[in-house]
Amino acid sequence: MSSDLSSLLNSSRALNAHLSRPDLPTVNLSLDQIEAQSRRLVSRQPAAATDADRANYLLAQAHVDAPALASSIAHLNTSTTFSPLQPLQDTDVAGYLRHAHEQNLISTIEEGRRETQEAFYNLLEERSRKDWEAKKRRVFEELGGRSLVATTAGADGKALAEMKKSFHSRANLSASTGPSLTLQMQSKMMAYDRTVCELNAARSRGMSCPIIHLLMQAAANLNLDPSSMQMVSNCQILIKITGEPPALPPVEHAGAHILNAPLFERKFARAYLGDPESREAASLRAQIAQGGREALEDQFWGIIERGIQARAVEARLGGDPSVANKIRAFLGVKYYKNGQWEDHIEIVAGQPLWAKLFYLVRTGHAQEALDEAVRCQAAIEHREPSFVSHFRSWIESPDRRLSKSHRDYLQSVYNAHMLHAATTDPFKLALYKLMGRLEPSRRSALHVTATIEDWLWFQLAMVDEEEEGGLRGLMEVLLSYGEHHFETAKKGVWASVLLMCGQFERAVAVLWEHPETEVEAIHLAIALAYHGLLRVPPRAETSDLSPLTISPVHPPALSLSTLIWRYVRQFVKMDAKEALQYVYCVCLAADQANGVGSETLESAWELVRRIIVLAHSGPAWDELVGGFRPDGTKFNGIVEQGAPLLHLQNITQYNNQILIRAARECEENDRIPEAIKLYNLAGDYATVIACLAQALGNTLSLPMAENEKGKIVEKTAIEILKHYERMNRAVGKDREAAVRLLRVREAINAKNAGRPDVALEIMESTDLIPLDGDVAKITRRAEEFKDLHDALQRNLQVYLPLTMDCLAALHQSIKASSAVTEATRQMSLTTLRKKSRPLMVFAGILKYRMSPDVYSYLARLDVEISL
């Protein structure tokens, strides 16, 4: 090893042996000495600056003493953070309480801050999720299908890819209808369709229609799925709120039926859409609260009867079917266990009287409750003096409201020996709270408000429009709880809660958010609009993502037109008549003030035009818009028959708003035959001819075998031109151009059929091309060419080669024929040459209007004819 090192040393010295450096002495050090010297040099160098040193340097430039602050933090004693600044003596109770109070405030503030922060982030996450769901639904709707919000992430990606493929056609109204619906969904939609048709039929006759009853009947006849049962429940709520009677039986005279029927349509619109502080609005809110309460009472009574039937042995109803006896049986099933009543039940006169009275009131049998209280008055007065008299006054009051003196008395009794008593019957407490509307801010009662329905009934029974904000104050509380609070306990109950509290727009929006209840949502919205209980937003406030509009200064509003179009767009192509029935319902909100009503009408008219454009052509389309019979007489379509429902006052308004504008949209969507028919129905004959001329010009250059649409256009043009010539309508340049273009098409067909002589004769009759005359005449005809119709000018490259082809074909036929004499042949060929030369002169003057290939083709044929 040492020899190797020595040889390395000698070799290294030999590397620079040729260099002479007398100023540098030779250094001979061992490896240990080199290592020691290296360590000594490193120790003399200053330490490398750390990140902390750099930070201290920057802070020092800002006049911040970082080392001093670090020292203060290092010596900070956190053990006394929550200790009083001044030491407390063991006997200083006031100081201890003050300190504890301060610490409680600090803890409360910190806990409130933490809860607020958590609630904010939860709300932000929920809003983000709903926004994404709304945007995803919008994507599917733009593709023409259903929302499909329950699809997987893979399906979402597939949908987005599909959207990219069809993004170029989004401006076209004729989008695909999307995936087919299930049989169950179609059956449900058809059942509800019939109710909408009945509604519009009644509106057309000027009669009222029990639309809510019809919807409830349709839902009840469907399969017992949760959405249908929830629809029945919601209809029962609306029936109680609106007071809508069931369908009246048919009478002998229809006029008597109309006179005797109550007016339902827009009955509540004035109160609901007007000033919320008016007396009418307050009365309506009271009616809504009462209707919601009565609906819960009927619902609970049904539960009691079914419960008694299911547990008949325990109920021991006996032979007395009275209401009071059924309540007694229900109480026995619920609170009588193992031979004794539950501890919190107070027995009066041998029965749970307080619970019995409460449940009689809870089920809507107030008079039976009063009768029971009077029957047991002696026993009641022994425990609660004057209860029966106050109970009678409360029951017999129209609005269930006692005077202030009575309420003060009940409050004093309640506070004195009930509120804090350990053994007070909770049902007695609940009765006192209801009668005196005591402690409205305490919204629950132990053992009384056990379910959501019980709790909500209790809130509605406590509502007073003159105190605590009334129904609006209750709604603010419920909205603060949110949907999650109610849906966790029971699926689908949130929409019912919103209905019972008068938040009809929010209820419909909640149902629309779930695919399984979209059908129910749209029909519930129509029923609400019919009764005047739906607010429509201005067009400027309508969102593309959600039909519901929430404003901090205005009540919620729901875009009925948006909702209806999203519903009908899936079947508008297949069944335009049914889609039109739904669009008629948009006009229910036409009486809304501040210009919203007129915007609603415009939206309805726009939807009608959209249906006309999207509907399939054929007999059904003619039935939709109308048409002309073979004898020339006109028949009205379904749209025109429903013009009164669209608030179209006269035929002129109908033509301008529906037919003419729909015809323009058909033109934009390349549905020329439909546009022509619509213009013709509207009586705009000049536009019909102009449109015909343009359409014929556009299809003339296409081969007939490849242009099915051109065949339809030409057939329509022939029929209309015959009718117009007979009636002497639309005389002018456009009609002349249409006639000439049809003649050119006839010439093309004759040439294709192998009859060039007939084709040439037809072209000569159009007088489009000079086939004789001198140069001056031909030049004049070329100058007049710019005055022809645009469709004729654009097709110069069609009928010039067509005419030359006919001449060339005749020339070849004559030359090859042996059936004629030579003199006759030469005369015929000379005639063809005389026609060919003017054509070439005419083409040469208009050479700038055609492509060089066309002109070269004409020149080649002319040379062949001249030989």
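User: So, taking buried to mean under 20% relative accessible area, is Thr803 buried or exposed?

Analyst: In this predicted model, Thr803 has a relative accessibility of 1%, and because that lies under 20%, it counts as buried.

User: Where does Thr803 sit, and what is it in contact with, leaving aside its neighbours within four places in sequence?

Analyst: Thr803 lies in helix α40, and once those sequence neighbours are set aside, its contacts are with Leu760, Met763, Ile769, Leu771 and Leu839.

User: OK, stepping back. How many helices and strands does the chain have, and what share of its residues is buried?

Analyst: The chain has 42 helices and six strands, and of its 867 residues, 45% are buried. If you take the contacts between residues at least 6 apart in sequence, 63% of them join residues at least 24 apart.

User: Which residues touch the most other members in the largest nonpolar core?

Analyst: That core has 231 residues, and the ones touching the most other members are Phe358, Phe387, Phe391 and Ile612. Among the contributors, helix α40, which covers residues 796-816, gives the most to this core, with 11 residues.

User: Pick Phe391 from that list. What is it in contact with beyond four places in sequence?

Analyst: With the neighbours within four places left out, Phe391 is in contact with Val361, Ala369, Leu370, Ala373, Leu431 and Met435.

User: Switching to helix packing: how do the axes of α22 and α24 cross?

Analyst: Helix α22 spans residues 470-481 and helix α24 spans residues 493-500, and their axes come within 10 Å and cross at roughly 160°. Because angles over 145 degrees count as roughly antiparallel, α22 is roughly antiparallel to α24. In passing α24, α22 makes a left-handed crossing.

User: At what angle does α21 pack with α22?

Analyst: Helix α21, residues 452-462, packs with α22 at an angle of about 150°, and their axes are 10 Å apart. That makes α21 roughly antiparallel to α22. The residues making the contact are Trp455, Leu456, Gln459 and Leu460 of α21, together with Leu471, Leu474, Leu478 and Tyr481 of α22. This contact divides into seven nonpolar residues, one polar residue and no charged residues.

User: And Gly473, is that one buried or exposed?

Analyst: Gly473 belongs to helix α22, and with a relative accessibility of 14% it counts as buried.

User: New topic, backbone angles. What is phi of Arg266, and what is phi of Asp767?

Analyst: Arg266 has a phi near 60°, which is a positive value in a residue other than glycine, and phi of Asp767 is also near 60°, again a positive value in a residue other than glycine.

User: Where are they, and how do they count by relative accessibility?

Analyst: Arg266 is in the loop between α10 (254-260) and α11 (269-273), and at 11% relative accessibility it counts as buried. Asp767 is in the loop between α37 (756-766) and α38 (775-783), and at 42% relative accessibility Asp767 counts as partly exposed.

User: What about α33, how many of its residues are buried?

Analyst: Helix α33, residues 672-681, is mostly covered, with nine of its 10 residues buried. The buried ones are Ile672, Pro673, Glu674, Ala675, Ile676, Leu678, Tyr679, Asn680 and Leu681. Just after α33, Gly683 takes a positive phi of about 80°.

User: Last one: where is Val863, and how does it count by accessibility?

Analyst: Val863 is in helix α42, residues 852-866, and at 47% relative accessibility it counts as partly exposed. Val863 and Ser836 are 27 residues apart in sequence, while their C-alpha atoms are 9.4 Å apart in space.

Definitions and conventions:
Residues numbered from 1 in each chain as written. Predicted model: local features only at pLDDT ≥ 70, side-chain atom pairs only at ≥ 80, totals over all residues. Heavy atoms only, no water. Core = buried A, V, L, I, M, F, W, Y, C linked by side-chain atoms within 4.5 Å. Buried < 20%, exposed > 50% of the residue type's maximum accessible area, 1.4 Å probe, protein only. Helix = DSSP H or I, 4+ residues; strand = E, 2+ residues; numbered from the N terminus. Contact = heavy atoms within 4.5 Å. Axes fitted to C-alpha atoms, helices over the stretch in contact; angles between N-to-C directions. Parallel < 35°, antiparallel > 145°, perpendicular 65-115°, else oblique. Left-handed = near helix turned anticlockwise from the far one by under 90°. Nonpolar A, V, L, I, M, F, W, Y, C, P; charged D, E, K, R; others polar.
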